[in-house]
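Take a walk through this model with the coordinates open. We go from a strand pair to a helix pair, then to the aromatic rings.

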Amino acid sequence: MSKSNATTSEQKINKVIKMHDDDLRSLEKSMASNINSIDTNIAETEALLAELNYDIPKVVKKPNIVVSNNIGPIVVDKWDTIASKAESRYPETVSIEDVFTKEELSDNHEFMVNLQNQFKALNKLDKWDYTTAGIVGTIAALMDFFLVTKVNLKDGTVTPGALKSGVEKLWDKVLPPNKVALLEAKYKVPFDISTNTSKISQEVLGLNPKTHRFQSLGHDPILGFIFGIKDLLRGELTAIDGNGRIIIQNVSGAKGKSFIEAVITEFGHLLSDVNAKNPTGMKLSVPASLTPLLQMIQVGSVTYNGKAYTIGDLSKRMYYDGYNFNHFIGMSIPVALIHIVIHIYMALREMFSEDYSRTKHKSDILLFVANSILCAENVGKLIVTENPFAINYVSWIDTAKYAVRTLKYVLVDYHLEQIDYIQKIIDQEFANTYKSVENTWNRVCGDKQIVYL
């Protein structure tokens, strides 16, 4: 603390510390002088006795010597008395820097710099970290380019790739038609209305068998556990019409369920629709998570396969063309690969390297680096094809997420955590010092009486 900023209580403490430090230095200097004088006298006496041929007896340690303790009580000044003495001795302003010598201040500065370097080394990324992130990011980018979507460079069309086909084949094995039929019969929901029928009183513009799962929010894999459960509890339909309006209405004959029944029914119905087909055999599935909300954005003009659409109409058209939940899983695989490889790498690195420490910030930065490579490839594919079907929005969201985390760490968290790291070490040093003082006090004072003046 500086002289100008020190409070009255801090000034008292500074002056007391300086007074005791000066007294200890004076005592130490006096004792050193006396010891040197005693050593000199002893040496001269021993030399004289040797000249007189006098044998100097050796000191023999006698065990079990009982020392009589006639020392009286220990007298200790009260704090106000000590502070008053210090104030009298140092009427001028005293800063904490006045207590220490230049060498001690220099040592303290060096100690703090070392602690900062320790923290920096603890969170530093090396070439192996960046190499691993670069490799896995490149592999993920190649997967996105060749497997998530197929690009026809001649006409610029983009269609779902092998990963989506693989997901659909997996669903074919897990949910064959007979199981789907059982799920559809068991888990009926009020919001599974494909056309404007007499069951609903208000028309939902654009509602049809091809896109009703996209328009009904209960079919969204995430939103369904909010709006779908709400609809099941109340016997309602929550949908977005062709003008981007949210329409909530009762469904004729629908009865509300309990919360537990609603959750189970919602999950069962999503399973029945995840591999759904239309009468011609085309797989529709449920929407890609959160994409139905785009229907509310009835603005813009985006060209898609030669036609101009608003953002809301585009999202619905892309769903019909295969931008659905199965494609969402395919888009997520490169992102999941990045997460799996980075976390396994860091776990193995920490396990087999004694000087490597795995931290949350290290993994966040590496995930940002790898995701940035994948996202850059995806943006490049979008620019080249000029086709929104190429967008891997899972990668975009993940990249944005870790970009924010990394930026926050660099600008805020690093400095706060560095202060916390250093403070904990300093606190431990203080605790060790206090323990040493306490042990010394107990050893010297023992059971002696303490008198405060």
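How many bridges join strand β2 to strand β3? Four, and the strands, residues 149-152 and 157-160, run antiparallel. Strands here are DSSP runs of E, at least two residues, and helices are runs of H or I, at least four, numbered from the N terminus. Two strands pair if DSSP finds at least two bridges between them. Asparagine 152 has threonine 157 of β3 as its bridge partner. Four residues lie between the strands of this hairpin, and glycine 156 takes a positive phi near 75°.

This is a predicted model: local features need pLDDT of at least 70, side-chain atom pairs count only at pLDDT 80 or more, and totals for chains, interfaces and linings use all residues. Residues are numbered from 1 along each chain as its sequence is written, and side-chain values use heavy atoms, without hydrogens and water.

Now the helices. The axes of α12 (residues 360-385) and α13 (residues 393-445) come within 8 Å and cross at roughly 145°. Axes are lines fitted to C-alpha atoms over the stretch in contact, with angles from 0 to 180 degrees between N-to-C directions.

Last, the rings. Rings of Phe, Tyr and Trp (its six-membered ring) pair if their centres lie within 6.5 Å; planes under 30 degrees apart are stacked, over 60 edge-to-face, the rest tilted. The count is 11 aromatic pairs. Phenylalanine 145 and phenylalanine 146 are edge-to-face, because their ring centres are 4.9 Å apart and their planes stand at 80°. Tyr323, Phe325, Phe328, Phe389 and Tyr393 form one aromatic cluster.
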